[in-house]
Amino acid sequence: MEQTCRNLSTAVLTAAILTWASVAAAATITLSDAIDRALHLAPSVDVAAAASDMSAADVREQRAPLFPTVGARAEYYQAPGYDQVITNRGLSSGQLTLDYTAWDWGRRQARVRAAEYASEASRLGVAVARAQIVFDTSTAYFDLLRARAEQRDLQASLERLTRYVTTIEQLEKSGRAIANDVLKFRTAHDSTELALDAARGNSQRAAAALGILIGEPNQPDLDIASISGVPPKPSGDLAQSPVMQAANRAIASASSQIEAAKAERLPTFQVAFTTGFLGVDPRPAISHNFGGSYDGVVSIPVFDGGLISSHIDQAKAKEHSATAQARQAEYLLKRQIADASIRYDEAQRQLDLLSRAQPTADDNFALTWTRFLGGGAVTMLEVLDSYQQAEQLRLQRHDQEFNAREAVAETNLVFGRIQ
């Protein structure tokens, strides 16, 4: 009995889990949901984050020489095979040492600043990677919306044409239409059916592209929420773009490297302190030979075969490269923003024109179709032409909405906006 109850409980729990999973899978995905999922799954964000962690560790490495180093050592040495006049018979020591560079003309501080600027650039690289994922996901989302909308319109058009073909066939039987009219409508019907099949393929590809980004692969019926209208054109300061900020940090890092390289030519002052036990045998060394020492060293390079000069030239070359890359990035971003702005304005104009032209085209077809049914002087070619014009305008609206939304997403990408 107990085993039966346990099996029943397990079955109920399994059924509840499966039901919950099916409900969760069937939940409608919004654009914000898709972006959140993509940001959590994107490997490029992890790569950028790892680079940022590496840069942060480099900052700690460059900051360490600003502090003294403390070490401990113990040694017991015997050389019975050698002359005691030379070896002093042996050595026992246990010492604590402290070393510190007291003055180096700012070389260490310059290296720390260079590492900090590089670390800031790496953190901005994470923001750039996240913005790119947001753009890719948004574009895939908008593409799926467009494909689904075109598929719905073509499906509706195919159903309308099916009814029109039936009507024309009835008119042919009554002698009010000829066989050529029926063939023309059937041809239009077949062309629309082909376009609908292509639209289904586009929709499946768009769903696959979005599904891979958000962790829902192989989901051709991915349920996404519709979006009404087109968002306003965004604006912002190009200097706030993470790409430009990272480029400026790279220039600052290279300038600090130049300072550090030039400081290599100047003298440095180092001090060292030791304390502990030092003697021949361990017992008397510990009992009677506790002491300490201090040391100060001033060093200056006299001849290095051009090593320091090469370090300076390398740092200057890095600064030159960073400056050129910043100018190149600014040029590309300005061109990208200008192109997105033009595409957005063009799409808005097209949408305004379509809003005015669509009712006219629909009315024109309705009037032409009515005149044809009423026996007016209207040919079947004129009827099909007016119908196809109206349908093309309806399909063009989806393309222009996609163009406007893509332009907005691209502008947000330039400014590094996540939402």
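Among contacts in the protein chain (heavy atoms within 4.5 Å) between residues at least 6 apart in sequence, 83% join residues at least 24 apart. The model is a predicted one, in which local features need pLDDT of at least 70 and side-chain atom pairs count only at pLDDT 80 or more, whereas totals for chains, interfaces and linings use all residues. Residues are numbered from 1 along each chain as its sequence is written, and side-chain values use heavy atoms, with hydrogens and water left out.

The protein chain holds 10 helices and four strands, these being DSSP runs numbered from the N terminus (helices H or I, at least four residues; strands E, at least two). Read from the N terminus, the order of elements is α-α-α-β-α-β-α-α-α-β-α-β-α-α. The chain is more spread out than a compact globule, because its radius of gyration is 38 Å, well over the 22 Å that the globule rule gives for 419 residues; the radius is taken over C-alpha atoms, and the rule is 2.2 Å times the number of residues to the power 0.38. The C-alpha trace spans about 135 × 80 × 35 Å along its principal axes.

Of the 419 residues, 34% are buried, where buried means under 20% relative accessible area, exposed over 50%, and partly exposed in between (1.4 Å probe, protein chains only). The accessible surface of the protein chain, about 24600 Å², belongs for 57% to carbon and sulfur atoms, with areas from the Shrake-Rupley method and a 1.4 Å probe.

Strands count as paired if DSSP finds at least two bridges between them. Strand β3 (residues 268–279) pairs in the antiparallel sense with strand β2 (residues 90–103) over 11 bridges, and leucine 98 has phenylalanine 273 of β3 as its bridge partner. Strand β3 also pairs in the antiparallel sense with strand β4 (residues 290–299), over 10 bridges; here the bridge partner of glutamine 270 is valine 297 in β4.

Threonine 137, placed in helix α5 (residues 107–174), is buried, with a relative accessible area of 0%. When its neighbours within four places in sequence are left aside, threonine 137 is in contact with Ala34, Ile35, Ala38, Leu210, Leu213 and Ile214. Alanine 198, by contrast, lies in helix α6 (residues 179–214) and counts as partly exposed at 41% relative accessibility. Although alanine 198 and glutamine 151 are 47 residues apart in sequence, their C-alpha atoms are 8.8 Å apart in space.
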